[in-house]
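Please keep the sequence and the model at hand while going through the points.

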Amino acid sequence: TAAVMTHKDLLAEALLATHGEDAAWELLPRSYIVRAPLPTGEDDDEGSVNGETVDDDGEALLAALTGPDATATTDDPLSGDSCLAGASVPDVAGGGEVRADGGGDGGGAERKVWIVKPAAAARGVGIELFDDGAALVEFVNREFARSHAEAAFVVQEYVGNPLVIRGKKFDIRQFVLVTSLNPLTVFVLDDAYLRFSTEDYTLDNLDDRFIHLTNHQVQKDSASYASSGIPGNQWSLAQLTAHLAAEYPDTPQLSPTALRANMIDLVVKTLDAWGPDGHRGRSLELLGFDVLVDETGKLWLLEVNISPGLHLTTDIVRAHHSHAIESLFQVVLDDSQTAFPSPSAHASLSPDERAAAAAVRAAAILPCSSATSSPLPPCEIKVGGWELVRRGEYDAAAATAASGAFAEFQASSASLSISSMS
């Protein structure tokens with residue numbers, strides 16, 4: 001069921017359905033889901049592209065990308081001619097108009113930049129950037145034309161004002177451990193590491209992957225990989241903390257305390273959208289959250305990776321991964337009651353009996369959440385390097401939304417694939 005989190009289209013839909021539009025786009029850059037060819041407005045018959053039926057809202061998407069209002073901001077991103085009018089949880093050829101400011105607060109309304117991602121790919125495969133709507137439409141339609149399976153893309157607001165270090169863009173890889181879905185039980189590692197691009201950040205060149213994509217699988221092929229000035233293109237969390245303390249001593253949102261609190265908040269709110277179904281008893285998921293920090297100190301979720309790579313390629317990850325896995329065994333072996341609050345399903349019990357037993361068990365466990373805005377008490381439990389940040393049952397809205405996303409994934413899983421090591 002982790003595909004609900006790791007498929008980029010399903011993640012966007014789950015966040016929208018669980019939290020609502022405003023809150024979802026505070027976690028994830030505004031995203032537009034594309035599951036069908038887009039109209040070009042020139043050679044296609046009305047209502048079709050290459051003979052394939054297109055939802056009427058495809059025309060509104062074209063207007064948003066290339067029309068006269070394409071660079072104008074709006075107080076209501078789901079109203080007007082340049083967006084998906086009437087779509088509260090968008091799902092046509094897509095979902096949710098991309099914000100018109102180029103990303104964050106510093107992109108400038110004079111230019112819109114989008115990043116297009118295959119919904120079920122990883123390692124930076126197939127990602128492209130555009131500031132021209134017609135070129136974006138041409139690219140997406142070409143990808144649909146050559147695809148032999150059901151395809152899906154996410155057209156996402158590009159955060160154009162990232163915090164940079166030594167001129168380089170970076171993201172944070174945060175390990176997260178989920179040991180139960182009902183009740184939801186989430187741990188966040190007390191460490192993380194940074195992944196840098198090898199080329200100086202600029203929006204003047206959208207074609208250079210070594211500027212914009214921080215994935216190690218991308219950057220290791222750069223001619224500048226060994227000479228970028230950052231060994232291994234990685235930093236530890238301790239190096240980031242020291243740098244921010246020296247460079248931004250009067251910026252509270254970049255303090256270690258604020259970054260940690262905001263990271264936990266992002267993780268908890270994201271996983272609250274997962275849903276209680278499909279997780280086997282006494283099993284676990286290790287996830288890698290990729291998170292961008294913009295120049296205001298705001299955190300943006302880029303994606304969630306299942307089975308994040310544990311390759312010991314640098315001194316940074318060698319130390320990080322060793323700490324993470326040693327502590328993981330402390331959680332699942334030494335403190336299994338905290339990690340696995342629900343008993344394994346016994347073969348002799350009926351489904352109803354197993355559900356009733358799980359409900360009794362869950363009701364006896366004190367719900368908690370370390371999210372800053374949660375009304376629940378903080379968890380305040382730490383095992384080794386892992387901090388418990390969420391425990392408790394889902395609310396009805398979250399369970400319904402996530403179950404719908406999982407059902408959709410099951411229906412399409414025969415034609416979707418995901419790369420698990422990134």
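Of the 422 residues in the protein chain, 54% are buried. The model is a predicted one. The protein chain holds 13 helices and 16 strands.

- Among the contacts in the protein chain with a separation of 6 or more, 67% are between residues 24 or more positions apart.

**An open sheet and its helix**

- The strands β1, β6, β4 and β5 form an open sheet of four strands, in the order β1-β6-β4-β5, and the pairing is antiparallel.
- The edges of this sheet are β1 (31–34) and β5 (128–130); each has a single partner strand, so one side of each is left without a neighbour in the sheet.
- On average, neighbouring strands of the sheet are turned by 25 degrees against each other, direction ignored.
- Helix α2 (residues 8–19) packs on the sheet and touches β1, β4 (114–118) and β6. The direction of helix α2 makes about 125 degrees with that of β1.
- Strands of a sheet pair through backbone hydrogen bonds, in either a parallel or an antiparallel sense.
- The pairing of β1 with strand β6 (residues 153–157) is antiparallel and runs over four bridges. Within this pairing, Ile 33 has Val 154 in β6 as its bridge partner.

**The disulfide**

- One disulfide is found in a search of the whole structure. Cys 368 and Cys 379 form the disulfide, with their sulfur atoms 2.2 Å apart.
- The link of Cys 368 and Cys 379 is right-handed, with 95 degrees about the S-S bond.
- Cys 368 lies in strand β14 (residues 368–369), whereas Cys 379 lies in the loop between β14 and β15 (381–383); the two are 11 residues apart.
- Cys 368 has a relative accessible area of 3% and is therefore buried, the cut-off being under 20%.
- Cys 379 also counts as buried, because its relative accessibility is 8%.

**A buried loop residue**

- Asn 233 is placed in the loop between α7 (216–219) and β11 (234–236).
- With a relative accessible area of 3%, Asn 233 is buried.
- Leaving aside residues up to four places away in sequence, Asn 233 touches Leu 194, Arg 195, Phe 196, Ser 197, Thr 198, Gln 219, Tyr 225 and Ser 228.

**Backbone features in loops**

- The peptide bond that joins Asn 182 and Pro 183 is cis, with omega at about 0 degrees. Pro 183 is found in the loop between β8 (168–181) and β9 (184–189).
- Arg 166 is not a glycine, yet has a positive phi of about 55 degrees. The loop between β7 (164–165) and β8 contains Arg 166.
- Arg 166 counts as exposed because its relative accessibility is 54%, and exposed means over 50%.
- Ser 307, likewise not a glycine, has a positive phi of about 50 degrees. The location of Ser 307 is the loop between β13 (299–306) and α10 (315–334).
- At 34% relative accessibility, Ser 307 counts as partly exposed.

Conventions:
Residues are numbered from 1 along each chain as its sequence is written. This is a predicted model: local features need pLDDT of at least 70, side-chain atom pairs count only at pLDDT 80 or more; totals for chains, interfaces and linings use all residues. Side-chain values use heavy atoms; hydrogens and water are left out. A disulfide is a pair of cysteine sulfur atoms within 2.5 Å. Buried means under 20% relative accessible area, exposed over 50%, partly exposed in between (1.4 Å probe, protein chains only). Contact means heavy atoms within 4.5 Å. Two strands pair if DSSP finds at least two bridges between them. Axes are lines fitted to C-alpha atoms, for helices over the stretch in contact, and angles run from 0 to 180 degrees between N-to-C directions.
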